Amino acid sequence: MSEIGTSTPVPSSAPAVEVDGLTKRFGARTAFEDVSFAVQYGEVFGFLGPNGAGKTTTVRTLGTLLEPTSGRATVAGLELRPDNGVEIRRRIAVMPEAPGLYLRLSVAENLEFFAGLYELDDRRARIERALRAVNLTDRADELCRTLSKGLRQRVGLARALLSDPRVLFLDEPTSGLDPVAAREVHDLIETLRSRGVTIFLTTHRLAEAERLCDRVAIMNTTLRLIGSPAELRDRLFSKSVELRVREPLPDPERVLGALPGVESWSAGPDAAGTYLLAVADPDQAASAVARAVVDAGADLLALTPSRHSLEDVYLQLIDTDVEASSR
Amino acid sequence: MTSTTPMRLSHTRIRAIVRKELRDYRRNRFVTSSMGVMPLLFVVLPIIDIFKLGSGASGPKLDNVIGLALLYLLLIPALVPAVVAAYSVVGEREQGTLEPVLTTPVRREEFLLGKALAAFLPTLAIAYLMFGIFLAVVGLFAHQEVVTDVFKTSRILPQVLFTPLLAGWSIWAGIAISSRVSDVRVAQQLGTLVSLPPLAVTSLMGFGVIRPTVGLGLVLGAALLVIDIGAWRVVSMLFDRERMISGIKA
Ligand SMILES: Nc1ncnc2c1ncn2[C@@H]1O[C@H](COP(=O)(O)OP(=O)(O)OP(=O)(O)O)[C@@H](O)[C@H]1O
Ligand SMILES: [Mg+2]
């Protein structure tokens with residue numbers, strides 16, 4: 001029996017999702033505005049943003065539940081238009097923020113209902129396969145009412161996998177899960193990714209995005225940044241090395257000013273004797289700095305390349321937004 | 001709605017919805033009790049009335065009591081599905097299951113027809129079963145003059161025909177309300193209310209305020225039939241995907 005993802009057709013080079021100037025307003029309130037991006041087939045695309053950033057509204061719009069106010073989009077090869085709704089929905093699957101299971105129905109009965117809605121042929125085999133993918137085979141006959149939140153989330157995921165969608169939208173699949181349950185969902189997404197399933201993942205867990213996503217977009221009503229986690233880090237933060245010596249250097253400009261690879265330096269914020277050096281390549285610069293400091297007769301305590309996580313990028317961006325809006 | 005290509009309705013999807021609904025009803029104590037207890041009430045009351053008649057009753061008195069009894073029985077198809085139909089859409093909205101359903105290829109026409117059939121089939125079964133019980137009890141235990149009066153084509157045929165027509169009316173009215181309000185309880189109260197008007201017309205005939213002629217019966221029946229069929233399209237148009245979702249705030 002084939003596994004989830006293997007039968008997903010991967011059309012040539014056209015993107016899986018392409019969004020161009022998309023805007024959605026609810027009356028006077030703008031949920032998102034002028035958003036443009038493209039997601040390639042096989043990619044795990046992270047959609048990040050704070051509460052109210054417009055993530056869910058974007059997913060609902062691309063999933064044909066809401067009509068965009070303006071702009072264009074193609075989803076799974078079809079233009080986002082009301083008369084393409086049925087066909088688009090046939091090609092994608094959406095796992096909403098809340099799994100929305102029928103609690104009086106068993107796990108298998110829930111899946112059976114959706115298999116019917118997708119008009120799938122080999123229903124039994126598909127259900128079995130989806131349950132196996134989320135490790136729920138032995139709970140198939142349990143009523144959903146009796147399942148924990150984490151298990152319900154997994155049923156929601158199994159449901160989204162039933163139809164072998166070309167694009168899988170996951171809206172905060174780990175929200176409200178404990179670390180172990182969240183970890184299981186992460187592992188699952190990684191498995192899907194390794195099988196080439198295209199995933200559009202919204203989250204506000206930065207570590208999640210960093211671990212799972214090929215590229216991320218940071219949203220806050222408008223699209224703020226887009227790129228791989230590493231690219232975003234580089235774009236927002238200059239690379240730097242932190243230097244700590246026992247006694248402050250008597251003439252730091254003489255020691256640090258003319259070193260190859262060091263673009264500029266400044267006194268560190270915390271203690272006397274720390275310096276922040278902006279560098280092009282931290283590894284290369286580090287050895288030159290070490291030699292210069294020792295040659296100058298100072299005691300070297302530490303020389304550490306500073307690492308910025310995606311979280312730093314995110315906080316930096318969103319803080320700027322908060323400042324801008326309070327001005 | 002500008003599309004000119006004829007819509008292909010999927011039997012698979014409609015069947016899936018009906019099956020799911022029936023399963024869900026069976027395990028919902030509120031539904032099983034209202035579908036079970038209410039009909040029993042509406043069959044026991046008329047039977048009691050008929051047996052209170054005694055042996056001497058005849059003429060207009062007999063006619064009235066039997067007319068009223070049959071009217072009680074018509075309350076079953078009118079009222080039994082009202083609660084379920086009123087719950088159908090807003091209930092799914094409230095429990096958060098509507099959004100995942102609407103992300104599948106299902107069309108609103110299929111979704112609503114499935115919901116309507118799922119309310120219609122058990123209602124019809126229950127209403128006919130209760131009518132059968134009524135006929136059996138009357139046939140076996142009532143006085144001869146009562147039996148003769150009840151077992152007339154002019155009594156039985158309208159009952160058989162109006163049962164599905166009234167059920168259809170209640171179901172579509174209930175679903176229409178369920179698609180527009182955002183509170184389950186409001187939906188159920190309104191649903192029960194709107195299930196009654198056609199019954200009022202029927203009862204006017206039952207009490208002889210309007211002369212129950214064959215012609216009038218046919219007109220009323222035809223009107224209900226047209227409404228039941230047209231309602232599907234109208235309710236589908238009332239069903240607005242965006243409103244269904246926008247009402248939901250996570
Ligand atoms: N149906 C609606 N009617 C009016 N405003 C809405 C509606 N849905 C969303 N909004 C508004 O649009 C904005 C974006 O909401 P959305 O739910 O898309 O954010 P989100 O990024 O998913 O947030 P969260 O992280 O909390 O899930 C918010 O200001 C929200 O209040
Ligand atoms: Mg959201």
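User: Hi! What should I know about the numbering and the cut-offs here?

Analyst: Residues are numbered from 1 along each chain as its sequence is written, and chains are lettered from A, with ligands numbered from 1, in the order in which they are written. As this is a predicted model, local features need pLDDT of at least 70, side-chain atom pairs count only at pLDDT 80 or more, and totals for chains, interfaces and linings use all residues, while side-chain values use heavy atoms, with hydrogens and water left out.

User: Thanks! How many residues of chain B are in contact with chain A?

Analyst: On chain B there are 32, and they are in contact with 31 residues of chain A (contact means heavy atoms within 4.5 Å).

User: And what area is buried between them?

Analyst: About 3000 Å², with carbon and sulfur atoms giving 57% of that area. Buried area here is the accessible area (1.4 Å probe) that two parts lose on being put together, summed over both. R27(B), T103(B) and P105(B) supply 20% of the area that chain B buries against chain A, more than any other three residues.

User: How many salt bridges are there between chain B and chain A?

Analyst: The count is 9, where a salt bridge is a side-chain nitrogen of Lys or Arg within 4 Å of a carboxyl oxygen of Asp or Glu. One of the pairs is E119(A) with R13(B), whose closest N and O atoms are 3.1 Å apart.

User: Nice. Which element of chain B gives the largest share of the side that touches chain A?

Analyst: That is α1(B), with 8 residues. The elements giving two or more residues to that side are α1 (11–26), α3 (59–94), α4 (98–102) and α11 (241–246) of chain B. Helices are DSSP runs (H or I, at least four residues) and strands are E runs of at least two, numbered from the N terminus.

User: Changing topic: how many helices and strands does chain B have?

Analyst: Chain B has 11 helices and 0 strands. Its C-alpha atoms fill a box of roughly 65 × 40 × 30 Å, taken along the principal axes.

User: And chain A, what domains are assigned?

Analyst: Domain 1 (17–227) and domain 2 (238–305), with bounds from an automatic or database domain assignment. Their centres, taken over C-alpha atoms, are 47 Å apart.

User: Last one: what joins R90(A) and E87(A)?

Analyst: Their side chains meet in a salt bridge, 3.1 Å from N to O. The two are separated by about one helical turn because they sit 3 residues apart in helix α2 (residues 85–91) of chain A.
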